[in-house]
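Me: Could you walk me through this model with me? I'd like to begin with the packing and then move to the strands.

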Amino acid sequence: MKQALLQIALVLPIALCVGCGGHYVLSAGDQLATTDDTLAIVARIQHNELRSVNVPVENQTISVRLYPRGTAKSDTQTSDEIPTRSREYGAISNDDGYISLQIPLDERPVYNKPGKYDLKLSLQSRFGDEQFAVVPVYVLSKTRPLIAVDLDALPANSFFDRGSEPAKALTQIAQHANLVYYATHAGATRQRIHAELMGGGYPDGAVLRWQPRGWQVTRTKQFNLDNVPTISRSRTLENNLDAVAKQFPKFQYAITSRYIAANAFAKAGLDAFVGRE
């Protein structure tokens, strides 16, 4: 009985506010791909129904396209002014709000070479709401080494000093290898992390997130009612190191100052260089 009352107390405020306005949240992280391969995309669509509660949206079509860097935001679905954009692909979100699809990079030769490109994700709901997001795509060569950098290994004050020793060291490493940054702090957006790296003079690279299991709001059938918001454990993975290691044969080394991160790197088969915390 107590559990039922607690569940009602948790979901009732959410249920009462469903349909109170809100907006769609379309999210995707930085994308990694290799030349002569396909770009595997994972994105998520949610609907904001309370100030800090985003509910997954299922059966929503999301369209995606690749663009030369810096041209995606100025494009519209009817624009023909960017002939080098890829054709449009689409996918439908599952019950957790996720979509996954693949784009062959050799469809247009312009994307099948190392470089940085734009990926634009767009949706139009059945209510006429439109939303889009633009994220960077890093197309890298399989023959060039890829090194993981744990962002927590970088001194906080180095993001305000373009001449810091860590920035100089990674800049030197980036002359011979590509870098991918792993971020822990959930409060910082991907855009903010990129801005901080640029402000500190660090080399550019994709920002991927450690993804600890957390709580999420889903919709289930409860109390003889359909579509009731319910708080549950998310089904996200702790990290995507294994997938990146399979994609990049020369993904062999990592830099960190935390033993918990070093253990995660080691489990993925990487040699971790652990500095002082």
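Me: Which residues touch the most other members in the largest nonpolar core?
Reply: In this predicted model, the largest nonpolar core has 27 residues, and those touching the most other members are Leu 39, Val 64, Leu 66, Ile 103, Leu 119 and Leu 121. Such a core is a set of buried Ala, Val, Leu, Ile, Met, Phe, Trp, Tyr and Cys residues joined through side-chain atoms within 4.5 Å, where buried means under 20% relative accessible area, exposed over 50% and partly exposed in between, with a 1.4 Å probe and protein chains only.

Me: Which elements give two or more residues to this core?
Reply: They are strands E1 (23–27), E3 (38–50), E5 (61–68), E6, E7 (98–104), E8 (115–124) and E9; strands (E, at least two residues) and helices (H or I, at least four) are DSSP runs, numbered from the N terminus.

Me: And what is Val 64 in contact with?
Reply: Leaving aside neighbours within four places in sequence, Val 64 is in contact (heavy atoms within 4.5 Å) with Ile 41, Arg 87, Glu 88, Tyr 89, Leu 101, Ile 103, Leu 119, Lys 120 and Leu 121.

Me: What about the sheet, which order do the five strands have?
Reply: The order is E2-E9-E8-E5-E6, in an open sheet with mixed pairing, and two strands count as paired if DSSP finds at least two bridges between them. Strands E2 (31–34) and E6 (89–92) stand at the edges with a single partner strand each, so one side of each has no neighbour in the sheet.

Me: How do E2 and E9 pair?
Reply: E2 and E9 (residues 130–140) pair in the parallel sense over four bridges, with Gln 31 standing opposite Val 137 in E9.

Me: Switching topic, is Arg 190 buried or exposed?
Reply: Arg 190, which lies in helix H3 (residues 190–199), counts as buried because its relative accessibility is 15%. The side chain of Arg 190 makes a polar contact with the side chain of Asp 30 at 3.3 Å, the term meaning a pair of N or O atoms within 3.5 Å, where within protein one must be able to donate a hydrogen and the other to accept it, and residues adjacent in sequence count only if both atoms are side-chain atoms.

Me: What should I know about the numbering and the cut-offs?
Reply: Residues are numbered from 1 along each chain as its sequence is written, and side-chain values use heavy atoms, leaving out hydrogens and water. Local features need pLDDT of at least 70 and side-chain atom pairs count only at pLDDT 80 or more, whereas totals for chains, interfaces and linings use all residues.
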